[in-house]
Amino acid sequence: MKHRIARTGLALVTLLFLGVGTADAAGVSLIGAKDATAVSPYVGQHPLARPFKLKAGGAIDLSTFNISFAGTATHLGNYSAAGALDPSTSQLQGTMTAADGDTLDWIAQFQFGPLGEIDALLTFTGGTGRFTGASGSASGLVALDADFMFTLNLEGTIAY
């Protein structure tokens with residue numbers, strides 16, 4: 001009987017040492033111990049790279065170089081977006097806002113092909129809510145008409 005208690009105690013201490021269990025789960029009180037989340041940056045969920053698809057329609061205001069668009073995207077659902085275009089660099093910076101209020105910040109760069117096609121690269125640079133610290137990118141074609149209305153169809157990955 002003494003050997004069984006000793007083995008059980010040793011197994012419990014080993015599990016606690018390896019981090020498989022917690023003191024609370026084992027019914028042990030650690031007086032003066034700090035919360036593990038306060039001392040280890042690795043406790044909790046690591047950002048995972050996930051597939052990302054975005055579809056949108058919008059417009060460019062040539063008088064202000066502001067852009068607005070809306071659509072649907074994985075991990076955002078229905079969203080609206082706004083940004084400002086720097087015509088000297090063809091770079092656009094803005095924010096997408098999901099229906100729940102979480103935001104996703106991005107920077108977009110464009111490359112113009114010899115036949116008039118426009119390739120977009122959207123790079124995620126953080127946000128709020130579940131998108132705090134978000135990273136990743138999505139790319140695809142932009143269809144632009146004579147009235148500066150456009151559609152986007154992008155695919156890539158996002159980590160948050």
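Q: Where is Thr103 found?
A: Thr103 is found in strand β5, residues 103–112. Strands here are DSSP runs of E with at least two residues, helices are runs of H or I with at least four residues, and both are numbered from the N terminus.

Q: What kind of model is this, and how do the numbers work?
A: This is a predicted model: local features need pLDDT of at least 70, side-chain atom pairs count only at pLDDT 80 or more, and totals for chains, interfaces and linings use all residues. Residues are numbered from 1 along each chain as its sequence is written, and side-chain values use heavy atoms, with hydrogens and water left out.

Q: Back to Thr103. Buried or exposed?
A: Thr103 counts as buried because its relative accessibility is 15%. Buried means under 20% relative accessible area, exposed means over 50%, and partly exposed is in between, with a 1.4 Å probe and protein chains only.

Q: Which side chain does Thr103 have a polar contact with?
A: The side chain of Thr128, at 2.8 Å. A polar contact is a pair of N or O atoms within 3.5 Å; within protein, one must be able to donate a hydrogen and the other to accept it, and residues adjacent in sequence count only if both atoms are side-chain atoms.

Q: OK, zooming out. How many helices and strands are there?
A: The protein has three helices and eight strands. Along the sequence the pattern reads α-α-α-β-β-β-β-β-β-β-β.

Q: What do the eight strands form?
A: They close into a barrel in the order β1-β2-β3-β4-β5-β6-β7-β8, with antiparallel pairing. Neighbouring strands of this sheet are turned by 30 degrees against each other on average, direction ignored. For such angles, axes are lines fitted to C-alpha atoms, for helices over the stretch in contact, and angles run from 0 to 180 degrees between N-to-C directions.

Q: How many bridges join β1 to β8?
A: Eleven bridges join β1 to β8, residues 149–159, and the two run antiparallel. Two strands pair if DSSP finds at least two bridges between them. One of the positions to look at is Pro51, whose bridge partner in β8 is Thr157.

Q: And β1 with β2, how many bridges there?
A: Eight, again antiparallel. Ala59 has Ser68 in β2 as its bridge partner. The hairpin of β1 and β2 has four residues between the strands, and Phe65 takes a positive phi near 60 degrees there.

Q: What is in the turn between β4 and β5?
A: The hairpin has four residues between the strands, and Gly101 in the turn has a positive phi of about 95 degrees.

Q: New topic. How many salt bridges are there?
A: Two. The rule asks for a side-chain nitrogen of Lys or Arg within 4 Å of a carboxyl oxygen of Asp or Glu.

Q: Which residue does Arg130 pair with at 2.6 Å?
A: Asp100, counting between the closest N and O atoms. The pair links distant parts of the chain, 30 residues apart: Arg130 is in the loop between β6 and β7, and Asp100 is in the loop between β4 (91–98) and β5.

Q: What about the salt bridge with Asp102?
A: Arg130 and Asp102 have their closest N and O atoms 2.7 Å apart. Shared partners join Asp100, Asp102 and Arg130 into one network.

Q: Why is Arg130 called partly exposed?
A: Because its relative accessible area is 30%. Asp102 counts as buried because its relative accessibility is 15%.
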